[in-house]
Every structure is written in C-alpha cells, then in structure tokens.
Amino acid sequence: MLFSAILTGLVLGGTYALIAMGLTLQYGVARIMNLAYGDLIIAGSFGAMLLFTAAGLNPLIALFIIVPLGFALSWLVYALMLQPLARRSPNRDRLEGDSILATFGLLFVIQGVALVLFGANYQSYSFLAVPIDVLGTTIAANRLLAFALAVLFGVGLWLLLTRTRFGTVIRAVAANPGSAPLVGINVDHVARLAFALGGGLAAAGGVVVSMYLTFSATMGVIFTMKALIVVIMGGVGNLLGALAAGLILGVVETLVSSFIDPGLTLAATYLIFLAVLVVRPQGLFGKAAR
Amino acid sequence: MIFLIPLLALAALAAVPFFVGAYPLGLGIGILGYGVLATAWALFSGPTRYISLATVAFFGIGAYTVAVLADLMPYPLVLLCAALIGLVVALLVGLATLRLAGIYFVIFTFGLAELARQLVTYYEVNVTRTLGRYVFLPIGPEHIYWQLLGLLAVTLALAFWISRAKIGLALRVIGDDPVVASHLGIGITRTKLALFSLSAVVMTLAGAIQAPRWTYIEPSIVFNPTVSFLTVIMALLGGPNRLFGPLLGAVPLFLLFEWLSANFPNHYSIILGLLFIAIVFLLPNGVLAAWDKLTARFKNNEARA
C-alpha cells in the first residue's frame with residue numbers, strides 16, 4: 001500500500017515537475033509571472049481529448065500538434081500583450097505587477113472560452129488504461145507513459161539549456177538581463193522565445209495530464225498554483241530543483257490523499273508552501289544554481 | 001463646510017430604501033458591497049502595490065461565520081466573531097508572506113480562496129456531514145443596505161485618515177522604495193501587516209453583512225473567485241490611489257456586470273477578462289489619474305496660448 005502510494009506519487013510528481021519547468025522558464029527568463037499558465041495546461045488537455053474522441057488520434061501523436069500550438073499561442077500572447085508592458089515598465093517591480101494583472105485577465109479569457117466550448121463538467125477519456133505490474137504493485141500504463149514523457153521532456157530541456165548555444169543564451173538572460181545585451185544578446189527576442197517555450201511545455205503537460213487525470217475548465221488555477229509552488233520550492237530558474245520539488249509534492253499529495261483524506265491534498269500543498277516560505281524563501285536548493 | 005457634504009450625501013443615500021423598489025435596492029446593495037470591497041482592497045494594495053487576490057477568501061470567511069454562528073449568538077456578536085476570524089487569518093497570511101518579495105504574497109493570496117473553499121468543504125463533508133447551510137435571520141434587504149452603507153462610510157473615513165496620518169505616508173514610501181523606507185526607520189513588515197489586516201477585516205465584514213441575503217450558503221457560492229477578480233478590476237478602473245477611486249470604479253462596473261450576466265451569461269468571463277486586460281493597458285493608474293493628466297495638459301496648452 002505504501003509502496004504503491006509512493007509510486008503513484010512519483011508519477012504525479014513527474015507531471016508536476018514537467019509543468020513547473022515551463023513556468024520556471026517563463027518567470028526565470030521572460031520575467032513574466034503568468035497566472036494564466038494553468039489554463040494553458042487545461043487547454044492542452046481539452047485539445048488532446050478533442051483529437052482523441054473526435055479524430056481517434058493517439059495523444060502521443062497529438063503532442064506533435066498541440067505542443068507547437070501552445071508554443072505559437074504563447075509567442076503571440078507575449079508579442080501582443082506582454083512585450084508592450086515590458087517596454088512600458090520603468091523597473092522590474094512594475095512589470096511584475098502589470099504582467100500579473102494582465103495574465104489574470106487572460107486567465108478568465110481562456111477559461112471563458114473553455115467553458116463555452118466544453119462546459120463546466122469534469123472530462124476524461126480512456127487511453128491505455130491497462131494495469132501493469134511494477135515490482136509487485138499494479139499501476140495503469142497511461143500513468144507510466146505520463147512519467148516517461150515527463151522524463152523525456154525534462155531531459156530534453158536540460159540538454160537544450162546546457163548543451164546548445166541557444167540554451168546558453170537563455171541562461172545568460174536569466175542570470176543577468178542587464179548585461180546580456182553587452183555580449184550581443186537580443187533580450188527581447190530571447191525572452192519571447194523562452195516564454196513561448198514555456199507555453200509549449202505547458203501544452204505538453206496538458207496532454208500528459210489528460211491521459212490519466214480528470215480535468216475541468218475551471219481547474220487551471222489549481223495547476224498554476226501547484227506549478228508556482230514547485231518553482232518556488234525548487235528555486236526560480238532551477239530546473240533540477242523543479243524536478244526534485246515536483247517529485248516531493250507529488251509524493252506528499254498522494255500520501256495525504258491515500259492515508260489521510262483526498263479533500264486535504266491542497267491543504268497539504270499549502271502547508272509545504274508555507275513551510276518553504278518561512279524557512280527557505282530562496283527555495284530548497286538555494287539561488288546559486290542555474 | 002467640508003465635513004457637511006459627506007454627511008449630507010450619507011443621509012441622502014441612507015434615505016434611498018424608503019423610495020425605491022426591491023430590484024433597485026438589490027442593485028444598491030450590490031454596488032455598496034463591491035464599493036466596500038474595492039475601497040478596502042485599495043486601502044492596502046493601492047499604496048504598497050502588493051496585489052492581493054484573496055478578497056473572496058475573507059469575504060467567504062465572513063459569510064460562512066454568519067452561517068455557522070447565526071443561531072448560536074446575537075447578531076452583533078456574530079459580526080464581531082467574523083471580524084476576529086478574518087483578522088487572525090490575515091495575520092497568519094501576512095506574517096508568512098509580507099516579509100518577502102511581493103511576488104510571494106500575490107501567489108499565496110492567489111490560491112488562498114481555493115484553499116479556504118476546500119478546507120470548509122472537507123470540514124462540512126467529514127465533520128458536520130452537510131454541505132450547505134441555511135441562514136434565517138430577521139434582517140431585511142434595507143437593513144443590509146444600511147449596514148453596508150455604514151461600513152462603507154467607516155472604510156472611507158479610515159482611508160481618509162490613513163492618507164493623512166503617519167502610517168499612510170509610511171506606506172507610500174514603502175510602495176515607492178522599500179530600501180529608502182527601511183533607512184528612514186519605518187517598520188516595513190509591521191506597517192504592511194497592520195494595513196493588510198485592517199483591509200481584510202473590512203472584507204470579512206462585507207461578506208458577513210451580506211450573508212443573510214443568500215439564505216442558502218455553500219462553499220462554492222461564497223468562495224467564488226470572480227469576486228476577487230471584480231474587486232481588483234473595479235479598484236484599478238477608478239484608481240487605487242485615490243480616496244473615491246475604487247468606489248467610482250465599482251458603480252459603473254457593477255452595473256455593467258449585472259447587465260452582462262443577465263444578457264451574456266455564457267460569454268461573461270471572456271468579456272470580463274478582455275475588459276480587465278484593456279484597463280491594465282489603457283488606464284494603468286485609473287480613470288481619475290488619467291483625467292487629471294488630461295486636464296493638466298489642457299491647462300498647459302491654455303497657459304501657453
């Protein structure tokens with residue numbers, strides 16, 4: 001029972017880590033605290049469901065359609081809505097405030113569109129819901145696939161950031177947006193790409209979520225919340241920190257919901273968040289890492 | 001003379017329930033309710049620029065306290081309890097987040113309403129085993145109207161007093177530059193905490209006073225995130241740094257939202273979101289500031305001519 005809960009928790013945590021990576025890119029590089037992030041995840045979930053039920057498309061193939069869409073949509077949102085705000089802001093605090101407000105508005109727009117198209121009910125579809133035996137406990141194949149995808153995206157992103165020139169540029173902007181132009185980096189351009197990349201990851205997270213969880217149009221807030229908590233726990237901009245924090249959050253949530261009460265999972269999440277804020281506001285893994 | 005005008009206005013507004021029917025009175029209650037929330041929101045968030053998204057958490061706590069305690073004790077005592085609970089929650093949230101950068105506060109308040117909703121639901125389902133409560137109090141709509149009007153007057157008076165007092169000056173310095181503020185010897189966290197708690201208590205009371213109107217109360221009704229959203233957008237439209245700014249934003253927007261929810265119930269939140277973005281873009285400091293800028297430019301032109 002305990003082992004099975006931990007296994008389920010790790011799988012859930014993998015998804016949390018995946019969605020948190022996108023947010024940490026958006027906040028760490030583009031300096032935008034995107035409150036509509038979770039709604040983009042839900043949009044990805046609805047997209048996968050629609051393609052699966054209407055066109056019979058395997059969610060793995062749907063990824064190739066939905067991730068580019070998420071990327072393009074976020075690119076547009078940044079270019080049309082957030083870049084003007086960034087240009088207008090005299091300092092970082094002001095940009096933070098304005099972008100929070102603007103994306104708060106965006107949250108209601110995306111959620112409203114989802115409500116009009118799909119209604120307020122919980123949705124799900126059955127994909128690969130076959131039990132698989134792992135070290136003596138059974139787990140659904142779709143959950144294992146979700147975990148594998150999270151690992152794949154995580155490793156891919158890590159390689160992109162650490163092994164390529166583009167990744168180095170992104171890290172330079174994250175580390176010091178003021179000095180990056182001095183070495184010939186177009187900060188505007190990089191910020192927009194990082195924001196779009198984060199949006200692509202959110203959409204990927206949405207597809208992964210839709211494979212094994214039920215979701216509804218108004219659930220975006222919860223995903224945003226959890227992604228934010230993971231980002232802060234891991235330290236803003238720290239990918240490996242996000243991975244560890246995501247796994248911790250997933251395991252704790254599953255333990256609470258299987259041994260205490262499912263109604264208290266969010267309370268547990270909040271308690272962790274509170275503890276981190278009080279003890280280590282710079283994140284569990286400090287500020288030093290990338 | 002300067003104190004006579006507000007008193008006369010208050011008396012005129014207090015007389016409204018004697019002359020209008022049930023529907024306009026309902027609108028009046030709605031406007032006053034959001035007027036109180038927006039003014040209370042701006043009390044803290046205006047000068048400090050800390051964006052609180054937790055309005056409905058306090059509002060719902062107030063409403064729920066009334067639902068739970070209404071049968072147990074006299075009404076004034078219930079209101080007092082609600083205010084105390086709101087105060088304790090605000091102190092807890094503030095102590096955990098207000099020492100840190102503003103972003104942590106925003107994130108924490110962003111999820112607070114959802115947390116309160118889930119906790120209350122959990123408690124009701126597992127402990128009392130009834131989700132949803134009835135409030136039967138002998139309080140008519142006109143009494144709610146008067147109570148809200150009183151609360152609004154008190155809140156505005158407080159906001160006026162704070163803007164003149166030392167604490168208001170301290171808050172503005174903190175909002176402009178926290179480093180300067182700490183060098184001046186301002187207790188940053190203490191000041192922010194005091195104002196945040198005050199604003200939260202007013203919001204809690206606004207929820208408590210309006211609770212008898214619903215009769216039936218459920219976590220998903222009183223912890224509806226749209227309330228937080230509307231409060232912010234109203235305060236921003238009017239201008240969170242002016243005394244009457246939030247109230248001025250609340251009147252037209254409340255009427256607009258009433259009309260929208262009656263005529264476009266399905267597209268309500270899309271229109272809301274777009275309107276919100278437009279306000280953030282076009283009126284970053286509110287209508288009143290934009291108006292001052294416009295008239296100042298006009299005067300400049302005249303002076304030059």
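Author: In what follows, a residue is called buried if 20 or more other C-beta atoms lie within 10 Å of its own, and the model discussed is a predicted one.

Reader: Which residues of H12(B) are buried?
Author: Helix H12 of chain B covers residues 245-263, and the criterion just given is applied to its residues. Those of H12(B) that come out as buried are Gly245(B), Pro246(B), Leu247(B), Leu248(B), Gly249(B), Ala250(B), Leu253(B), Phe254(B) and Phe257(B).

Reader: How far apart are the end C-alpha atoms of helix H12 of chain B, and what should its 19 residues span?
Author: At 1.5 Å a residue, the 19 residues of this helix should span 27 Å. The separation of the end C-alpha atoms agrees with that expectation, because it is likewise 27 Å.

Reader: Which helix of chain B gives the most to the side that touches chain A?
Author: The contact involves 31 residues of chain B and 34 residues of chain A. On the chain B side, helix H4 (75-97), helix H5 (102-128) and helix H13 (268-282) each supply at least two residues, and that side divides into 20 nonpolar, 9 polar and 2 charged residues. With 14 residues, the helix that gives the most is H5(B).

Reader: Which residue in the turn between E1(A) and E2(A) has a positive phi?
Author: Strand E1 (residues 131-134) and strand E2 (residues 137-140) of chain A pair in the antiparallel sense over 4 bridges, with Ile132(A) having Ile139(A) as its bridge partner. The two strands form a hairpin with 2 residues between them, and the turn residue with a positive phi, of about 50°, is Leu135(A).

Note on methods
Residues numbered from 1 in each chain as written. Chains lettered and ligands numbered in written order. Predicted model: local features only at pLDDT ≥ 70, side-chain atom pairs only at ≥ 80, totals over all residues. Contact = placed C-beta atoms within 7 Å. Nonpolar A, V, L, I, M, F, W, Y, C, P; charged D, E, K, R; others polar. Pairing = 2+ DSSP bridges. Expected span 1.5 Å × (residues − 1). Buried ≥ 20, exposed ≤ 12 C-beta atoms within 10 Å, placed from the backbone.
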